[in-house]
Amino acid sequence: MEKVFKDYFVSATDEQKKIQNSIFEKIKIKEETAEKLKTINKKIKLILFAEIYCPDCRIFIPFLARFRDENKNIQIEVRKRSGQENEIKKEFGVDKIPTLLKQCGTEYKKIYEEFPDTLKLKMESEPAVLKGQYIHEYRVGRYNLEIEKQLLEKIMEE
C-alpha cells in the first residue's frame, strides 16, 4: 500500500503507519467488486485529498488501495489538504477529508466526501446526538459495504 500512497505516508510517524497498515489488512473487497473492477479498460484518474492523522481517511484509504490492486487503470494522486485549504477549496470545492475527485474530461467531479452518502443521509435525518455514534460505527467498519458500493458505482460511472 505504501508504494501507491507514498505521498500520503511521507510525513507519517511509525505509529500512524502501523495503524494504517493494520486497518488495511482488515479491509477486503467482495469478489463481485473485484471482478467488476477488472473490466475497466481505460485510465480513470482520481485525486484524493487525505491526511494520515485523520481517522476517517484511515478507513477510506484501504478501499482505494484494494481497488487499485485490482486494476492499474485506476490512477490515484494523493494530495494533502493541510496548509493549502483555501487554494483547494477555491480550485476543487474541497473542505473535508477524505474527499475523492474523478476526472471527467477537463473537470473533476466529487465522488466521495468524508463519509458514504448513505451514512450522511442517516446523520441528517437523525438527532444530532447520534452523530458521534454513527461516526464511531463508521470508524469500526460498520459502513464498509457502503464505502465499497459507492466507490465502485462512482468509479464505473461514465
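**Pairs, strands and pockets**

Colleague: What makes the pair of glutamate 51 and lysine 80 a salt bridge?
Modeller: Their side chains meet at 3.7 Å, N to O. A salt bridge needs a side-chain nitrogen of Lys or Arg within 4 Å of a carboxyl oxygen of Asp or Glu, so the pair counts. The structure holds 12 salt bridges.

Colleague: Where in the chain do the two residues lie?
Modeller: Glutamate 51 is in the loop between β1 and α4 (55-70), and lysine 80 is in the loop between β2 and α5. They are 29 residues apart, so the pair links distant parts of the chain. Helices (H or I, at least four residues) and strands (E, at least two) are DSSP runs, numbered from the N terminus.

Colleague: Which limits apply here?
Modeller: This is a predicted model, with residues numbered from 1 along each chain as its sequence is written. Local features need pLDDT of at least 70 and side-chain atom pairs 80 or more, totals for chains, interfaces and linings use all residues, and side-chain values use heavy atoms, without hydrogens and water.

Colleague: How do you know that β1 pairs with β2?
Modeller: Six bridges join β1 (residues 44-49) to β2, and the two run parallel. Pairing takes at least two DSSP bridges, so they qualify. Phenylalanine 49 has arginine 79 of β2 as its bridge partner.

Colleague: What joins β3 to the strands β1 and β4?
Modeller: Four bridges join β1 to β3, which run antiparallel; leucine 48 stands opposite leucine 100 in β3. Six bridges join β3 to β4, also antiparallel. There, glutamine 103 stands opposite tyrosine 108. The β3-β4 hairpin has two residues between the strands, and its glycine 105 takes a positive phi near 70°.

Colleague: Why are β2 and β4 edge strands?
Modeller: The four strands form an open sheet of mixed pairing, in the order β2-β1-β3-β4. β2 (74-79) and β4 (107-113) each have a single partner strand, so one side of each is left without a neighbour in the sheet. From one strand to the next, the twist averages 25°.

Colleague: Which helix lies across the strands, and at what angle to β1?
Modeller: Helix α5 (residues 85-92) lies across β1, β2, β3 (99-104) and β4, at about 145° to β1. Axes are lines fitted to C-alpha atoms, for helices over the stretch in contact (heavy atoms within 4.5 Å). Angles run from 0 to 180 degrees between N-to-C directions.

Colleague: What makes proline 98 and glutamate 114 stand out?
Modeller: Most residues other than glycine have a negative phi, and most peptide bonds are trans. Isoleucine 97 and proline 98 are joined by a cis peptide bond, with omega about -5°. Proline 98 sits in the loop between α5 and β3. Glutamate 114, not a glycine, has a positive phi of about 70°. Its loop runs between β4 and α6.

Colleague: What is the volume of the largest pocket, and what lines it?
Modeller: About 250 Å³. A pocket is an open set of points on a 1 Å grid where a 1.4 Å probe fits, with protein on both sides within 12 Å along at least five of seven lines. Volume is the space filled by probe spheres set on the points. Lining residues (an atom within 4 Å of a point) number 15. Lys42, Ile44, Lys102, Glu157 and Glu158 lie nearest the centre. β3 gives the most, three residues.

Colleague: How many residues lining the second largest pocket are charged?
Modeller: Six, alongside four nonpolar and no polar. Asp, Glu, Lys and Arg count as charged, so Lys96 and Glu113 of the lining qualify. This pocket holds about 190 Å³, and α6 gives the most to its lining, with three residues.
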